[in-house]
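Colleague: Could we go through the strands of this model together? I would like to begin with the pairing.
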Amino acid sequence: MTDLTTMSAAELGRLIAAGEVSAVEVTQAHLDRIAAVDSAVHAFLYVDAEGALEQARAVDAARAAGQAPASPLAGVPVAVKDVIVTKGIPTTCASKILEGWRPPYDATIVERMRAAGLVMLGKTNMDEFAMGSSTEYSAFGPTYNPWDLSRIPGGSGGGSAAALAAREAPLAIGTDTGGSIRQPAAVTGTVGAKPTYGGVSRYGLVAFSSSLDQAGPCARTVLDAALLHEVIAGYDERDSTSIPQPVPPVVEAARRGAEGDLSGVRIGLVREFSPEGAEPGVVAALQTSVETLAKLGAEIVEVSCPHFSYALPAYYLIAPSECSSNLARFDGVRYGLRVGETPDSTLEEVMAATRDAGFGPEVKRRIILGTYALSAGYYDQFYGQAQKVRTLITRDFQAAFEQVDVLVSATTPFVAFPLGSRTADPYQMYLADLYTIPANLYGGPAISVPCGLSDGLPVGLQVMAPTMADDRMYRIAAALESTQEPLLSSQVPTLEGKTR
Amino acid sequence: MTTTTLSLEDVLTRYEPVLGLEVHVELGTRTKMFCGCPTTFGAEPNTQVCPVCLGLPGSLPVANRAAVEATIRIGLALNCQIATWCRFARKNYFYPDMPKNYQISQYDEPLCFDGWLDVEVEPGRTVRVGIERVHLEEDTGKTQHIGGATGRIHGATESLVDYNRAGIPLVEIVTKPITGTGALAPAVARAYVTTLRDVIRALGVSDVRMEQGSLRCDVNTSLHPVGATEWGTRTETKNVNSLRSVERAVRSEILRQAAVLDAGGQVIQETRHFHENTGETSPGRSKETATDYRYFPEPDLVPLAPDPAWVEKLRAELPEMPAVRRRRLAAAWKLSDADMQAIVNAGALDLIEATVAAGAAPEAARKWWLGELSRVANEQGVELSELPVTPTHVAELQTLVDSGRLNDRLARVVLEGVLAGEGTPEQVMAARGLEVVSDLGALEAAVDEAIAANADAAEKVRGGKVAAAGVLVGAVMKATRGQADAKKVRELILRKLGVEG
């Protein structure tokens, strides 16, 4: 039999349901793979081998008892970004301030995955509290890109993307506040989807920026992402911002897209995403992909979104402002790290010392930025103004979607960059999310799908759709995917025995 | 400055007070504001908590519809406008009794705004107090500091936090500045809080018990010279935990500020704490160094947009307001304002109304509750409503008196039995064998015996000294163990002795 770690989640689910392979075998194969390569990749912060095998045994037992599979993904392993709370399993957000914390409850999406029979392998590495674009801001050391271990795997969800690329897991959960699912997908040659804001419950997602955060599926194929999307999405009464509507038919759309016919589809190219800021190899791959989409029957139209150029500054006021409030609860009083306690220390001193020791530099930078932006006298000028820009960007999207069905762009302006090359200048790091941030500000869905290589490194195409039209982006992404050689099966270097 | 001997009346000929009151009311909803935890008072610490009200990472709030409804009803009762669209906001500051280090509250978009409440300060004198806003927020936990001398955090060796209260829905009601009250200021403040409490109690949305903290009051006070156009610097007095304290706190703060101003000093803008034992205030934290709360709209909650049709339905279903009810009952029972005030002050209005509803005449019901029962409640140090006697008992008792089966003295004995838990008045009568002797034959025999045994007295009566009959009546009453109608006994005696009363 082919190596189980190279198969898609859809195939694995089918084989398990047919009894051709057991969930335990599939889980063990991935645990073995993790044992073999994760010392080089460092995609995982915690591997729950015992728990995973137990869940796999439960799936096998249910099948042996004649029960129908709980879902098409029953028995398929999944890796979960460490910003999602998991009952009894350490959840750190890659921060020292939460080291050792074992949550007393499961996130809604974790409950849904358990109910669907998915097997949770463990928790993946990330930039601390999901703030960063390279996973270099993890308090527990970076993750390395399986394509080139000297390069970053993107961020903040670099661990989930790298785990897929290194074939340590066939599926993963990411979260996307400004591109943290899509940009890592692009630079690791994997698929990552940010659903419509409110499409997937945020209950149990440790908040970075509440109005932007959205959990979503990460996979190696568009269909796999859609299958996982269907498991985790849908209304949740525990999340007030959750949308009480049926989940868009994403799986059906992915299957239909794979047929490769896009006739009647209108695709928009955003004029304001000028090629100047992007690497030539990225621009070239985008151009080829657009031509491919046209060949499949799509009509390509240039549209103008004049306010997109203000997206990055608006994002860097809104996200830090919300984060400064969301992260206030980490104070050493109730859980997590506590330092500086002496017989003479005051409460304020203990809180300050704990936060100083517990948070890393990027988190501190954003807390300070956001605290300043929300201060009396500055609110209108900063947070208030950024919210107005957000409204204008939303109107740009709405106007564009009157002309076209979806918008496409490169996912990120540059391919995986070398570790350490952008940490000295925060702005250079922030540019990685130039093309992904508008969709977060608007709230619409967006997906990154591999669209070629630049100097041997993967490039991603981003497809953006109107809110609650997540199915559209799956259809376009699957159509493009159907024209490409699968990147990962041939191109990813062997990782066994490698050290960094 | 505590040695001031200024009188309020004197001070207020020179200074004009401006008051502002902020009242916090804990709603009596079954569950908390943003989660499903119960809200029972007095449970073991940290037993009524969940990831949401503990603010655990990843948890999210969901607004309690019953709390929103209760707040709208309070707003409507206070003649407010109801927002058609508004948001919650985060109030950011670090304190260990706040699990998230921010409080979900409302800032510039309150649910209810711009209303008023008419307050009767004394019979015939009503003041209209403007309502700035009514908004909804979550309560904090409770901190207990151990080891310090004062019970405050300063000097404490250990601090304990109970999060049972964290997340209980809290309504904040803020008045517009109250001006032009002159020397009535302390009384206006007290009357306002009293009236507000009665309104909220009538709505049934909170038990509004100041001693349990379900109604809490902060008082803002400032003084400016009479005739000045600019208001003085205000202070905010916290820890005002009873209606009496509201009045005392205003009085004491007016006197303190007047003394400062008289001495040429300046009032400092600050928070002050009221002390029940001394009736005075002491400084708390200075507002100048107060936290910048960095309010911003709560992104975890969708905006509130109450359906106007729903609001109108709630308006139509509002209960009768206490002042209206008092006027109606005073007219029906033919009571003066002062009589009605006495009933209200005694906490007897509901009881008397129920007693009348159970069949008693208003005057009789009032007599029992304000007389004998008030005396007993006073002796026992409890509220009238806490006595183990019901309006039905009282009505039944009065019926027994009206029908002649009990006289006043026996009725009081029966009431003692009811209060002692011996059952209904009928049951007590039966068990104790208490009833007016109505058998004429038995009574005549007792009269004859008394006349025979007290020949001197009988002779005096025959001779026209009618007052001497008292001895004979007393003897009959003694013989019947008080169970005779004294009036009737007297009539019988006089008739037998040939004297017509």
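Colleague: How many bridges join β9(A) to strand β11 of chain A, and do they run parallel or antiparallel?

Modeller: This is a predicted model. In it, β9(A) and strand β11 (residues 457-464) of chain A are joined by 4 bridges and run antiparallel.

Colleague: Which residue in β11(A) does A:Ser409 stand opposite?

Modeller: A:Ser409 faces A:Gln462 in β11(A).

Colleague: What about strand β7 of chain A and β9(A): parallel or antiparallel?

Modeller: Strand β7 (residues 266-270) of chain A runs parallel to β9(A), and 3 bridges join the two. A:Ile267 has A:Val406 in β9(A) as its bridge partner.

Colleague: Why is β9(A) described as largely enclosed by the rest of the structure?

Modeller: Strand β9 (residues 406-410) of chain A is described that way because 5 of its 5 residues are buried.

Colleague: Let us change topic to β4(A). How many of its residues are buried?

Modeller: For strand β4 (residues 171-175) of chain A, 5 of the 5 residues are buried, and the strand is mostly covered.

Colleague: Which residues point which way from β4(A)?

Modeller: A:Leu171, A:Ile173 and A:Thr175 point one way, whereas A:Ala172 and A:Gly174 point the other way; all are buried.

Colleague: And which residue in β4(A) is the bridge partner of A:Ala79?

Modeller: That partner is A:Ala172. Strand β2 (residues 77-81) of chain A pairs with β4(A) over 2 bridges in the parallel sense.

Colleague: How many bridges join β4(A) to strand β6 of chain A?

Modeller: There are 5 bridges between β4(A) and strand β6 (residues 215-219) of chain A, and the strands run antiparallel. Within this pairing, A:Ile173 has A:Pro217 in β6(A) as its bridge partner.

Methods:
Residues are numbered from 1 along each chain as its sequence is written. Chains are lettered from A and ligands numbered from 1 in the order in which they are written. This is a predicted model: local features need pLDDT of at least 70, side-chain atom pairs count only at pLDDT 80 or more; totals for chains, interfaces and linings use all residues. Side-chain values use heavy atoms; hydrogens and water are left out. Buried means under 20% relative accessible area, exposed over 50%, partly exposed in between (1.4 Å probe, protein chains only). Two strands pair if DSSP finds at least two bridges between them.
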